Structures are given as structure tokens and as C-alpha cells.
Amino acid sequence: MRYTKYIVTLGLLFLSLKSVSQTQKLTNFTPGEIWKDNEGNHINAHGGGVLYSNGTYYWFGEHKGSTNDARVGVTCYSSKDLYNWKNEGVALPVSKDPNSEITSGSVIERPKVIYNKKTKKYVMWFHLELKGQGYKAARTAVATSDKPIGPYVFVRSYRPNVGNWPKGFNEEWKKNVPGEDTLKWWTPKWREAVKGGLFVRRDFARGQMARDMQLFVDDDGKGYHIHSSEDNLTLHVSELTDDYLDFTSNYITIAPAGHNEAPALFKQNGVYYLITSGCTGWDPNAARSFKATSMWGPWESLGNPCIGKDADITFDSQSTYILPVAGKKDAFIFMADRWRPKNPIDGRYIWLPIKLENGKPVLEWKDKWTLNDF
Ligand code: GAL
């Protein structure tokens, strides 16, 4: 009896300490550490992006468990200050219907949400791989909601730009690519052909592959979808329709055969900056950066934006989004994932302030930082 009382008292003490630690306000970013939500759990929003709406930030990301495939769906967290995040639950749940394209066990990656002022809808796009097909499907997918936190309703998934050539595509190559069927992968001739549009042509009738992706809304309200295409060899920038629910036929290719993934971009003083990674799966590699004065290019390569220790592996991370801090001029946060493929739920978040130096974005490691560091 005496012991029972003792155990109950200890239990109560533990619970009250836990709730104190949960309500403690965070006042800084600690890249690479465990980031707890309002319930004391490590935030589960990988490959994410952030939407700012009416004074609140909404962070959407991939829910991960002990495997990478989607068993839960796209999660949402909200915050007023970017340090403290409230779990808003599942914004887009996977489907229990085995015939659904977003059935449990499919792969749902890099969800991003934008708001459409005309339709007043929140529009989510993400990279979808069909269950049991590895990364073969290479589709982009769209879902909508009336509220930022969801629930989002799945609309459809597809390979975009069926029957459309990118701007400026070589007229001759529309009819025939020299050596099309005989070129061996990774040979210099093959690389030249990819640069010229070999794979655009290959996928012309079926639609272009769409894997790692990003959304961007320009100052004039135009929406863009940026994705790794052509077996991840080339990035495509496509214009979205006015309701953001589909692709218009306008698109360009960036850095053909350059092997860019994980595109993230921001616009500052009329210049667009793009940060990407190379293609090494879950392993980190050196980031790249580009700039342009129009979304339609030309995109100039600026090299690796990272400096200092581990700059060659993007501080053990891969870009996912660039977040403009609301109400703070020229303040952009580079958001990246430190993947943990053996235990995906343990993936960490690497957020760092972007500095612009001599017209180039620069990223430097920080153990701890605040919004005052801009
Ligand atoms: C990465 C990509 C991730 C995921 C992974 C699968 O390169 O950025 O989003 O698709 O490959 O191996």
C-alpha cells in the first residue's frame, strides 16, 4: 500500500515535469537536433514546405515511420513564430482503398501547398510513386482544401506536359533525334543527346517524369511547378493554370543532363534564386545554385552555396524549401532534410539563414540561431 502511494506520487511528478517541458517555449533554431512539437514528439514533416497564411505558418511534410513509404499521409504543423509548432494532424491521409493511387504503401514525397486567391482554395502538389512500383511512375499529384490544415481531397496524379515541347526545343529534334535508339547510357554522345532533349522526346506522348518538386507563386500570382524530370537528369519549370490545378503547356528545361534534384527557390529584388542538390539518393551531396531574372531563364549556374565544414555535403542534408520570413525584408530560410533512411522517422531538419553575397546565395552552418541573425 505504502509503495503504491510512492509510485503514484512519482508518476504524477513525472507527468507534471513532462508537461512543463512541453509548454516551454522554444526561442531558437537548432539544426540537426530533435525538434519537438507541442505534444513533445519529434516533428514528423519530412521533405516539407511552408505556407504562410493570415499570420500563421503551416508546415506540410511527409509523415515517416520506420519505412519510407506513406502509411499515414501528409502532416501539417502550425506556428506563429517558426520555433514552436503545433501538431495539426494529417492534412492529406493515405487511402485505405487498395485501388487508390494514394493507397497506404504508395510513396508520397515533398508535398507543397500554395493558396489560390481566385478560387480561395489551398492547393497541394506532391511527388507520387504508385505502390509496389519503386520510383517508376514518376508522377506529380494534386489535392485541394478549403482550409490550410485540410482535410485535402486528392484530385489526380499524372505525368505532366503530355504532347507539349518545352520552349525553344530544337525543331529538327521534334521529328528525330540522331542515333536515338542506339545511344548507350552515360557515354558522352548520350549526354549530348540528353542535353538536346532525347528524353523529352522519349516522354513526349506519355508525359514528362516528375519526381522531386517545388511550387512557386510569383508576385503577379502566377504559379509554377518545378520538378526533376527525364530520369532526374533535367529540371523542368512549368507554368500552372490560373487555378493552380493543372499545367498550361508552357515549360522550360534547366541544366539539361545536369542531374539536379530537390529544387527550392526564392525571389529577391526581382531576381530568382534556385538551390538544388545532386542525385545520390538519401546520401547527401554538394548543393548547387542558379539565378535568373525570369522564371523562363536563362538560369545561370552559381555553384555550391555552402561554405565551411561539410559544405561538400550540404551539412549532411538535402534542400526541400526556401521560406521567406513574413514581415522581414530579405530574410529567407533554407530548409533541408537530414535523411535517416534506416529509420526515416528520425530524419532531422536543417534550417539555415540564407545570406546573399556578391549576388550569390551563401549558406553557413549554425548550431543555434534566431530570426534576429538576419
Ligand atoms: C532523393 C530524393 C528524395 C527521395 C530519395 C529516394 O534523392 O530527393 O526525395 O526520392 O531520393 O531515394
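Arg348 is buried in this predicted model, at a relative accessible area of 13%; buried here means under 20%, with a 1.4 Å probe and protein chains only. Arg348 sits in strand E20, residues 348–353, strands being DSSP runs of at least two residues, numbered from the N terminus. Its side chain makes a polar contact of 2.9 Å with the side chain of Asp346, and one of its polar side-chain atoms lies 3.0 Å from the backbone oxygen of Gly32. A polar contact is a pair of N or O atoms within 3.5 Å; within protein, one must be able to donate a hydrogen and the other to accept it, and residues adjacent in sequence count only if both atoms are side-chain atoms. Beyond neighbours within four places in sequence, Arg348 is in contact (heavy atoms within 4.5 Å) with residues including Glu33, Ile34, His42 and Arg340.

As for the ligand, the residues around it are Glu109, Arg110, Tyr135, Asp212, Glu261, Gly281, Trp282 and Gln318, each with a heavy atom within 4 Å of it. This shell splits into four charged, two polar and two nonpolar residues, with Gly counted as polar, Trp and Tyr as nonpolar. A polar side-chain atom of Glu109 comes to 2.6 Å from a ligand oxygen, while a polar side-chain atom of Gln318 lies 3.1 Å from an oxygen atom of the ligand. The protein buries 89% of the 310 Å² that the ligand exposes when taken alone, by the Shrake-Rupley method with a 1.4 Å probe.

Residues are numbered from 1 along each chain as its sequence is written. Local features need pLDDT of at least 70, side-chain atom pairs count only at pLDDT 80 or more, totals for chains, interfaces and linings use all residues, and side-chain values use heavy atoms, leaving out hydrogens and water.

Notes. Helix = DSSP H or I, 4+ residues; strand = E, 2+ residues; numbered from the N terminus. Buried < 20%, exposed > 50% of the residue type's maximum accessible area, 1.4 Å probe, protein only.
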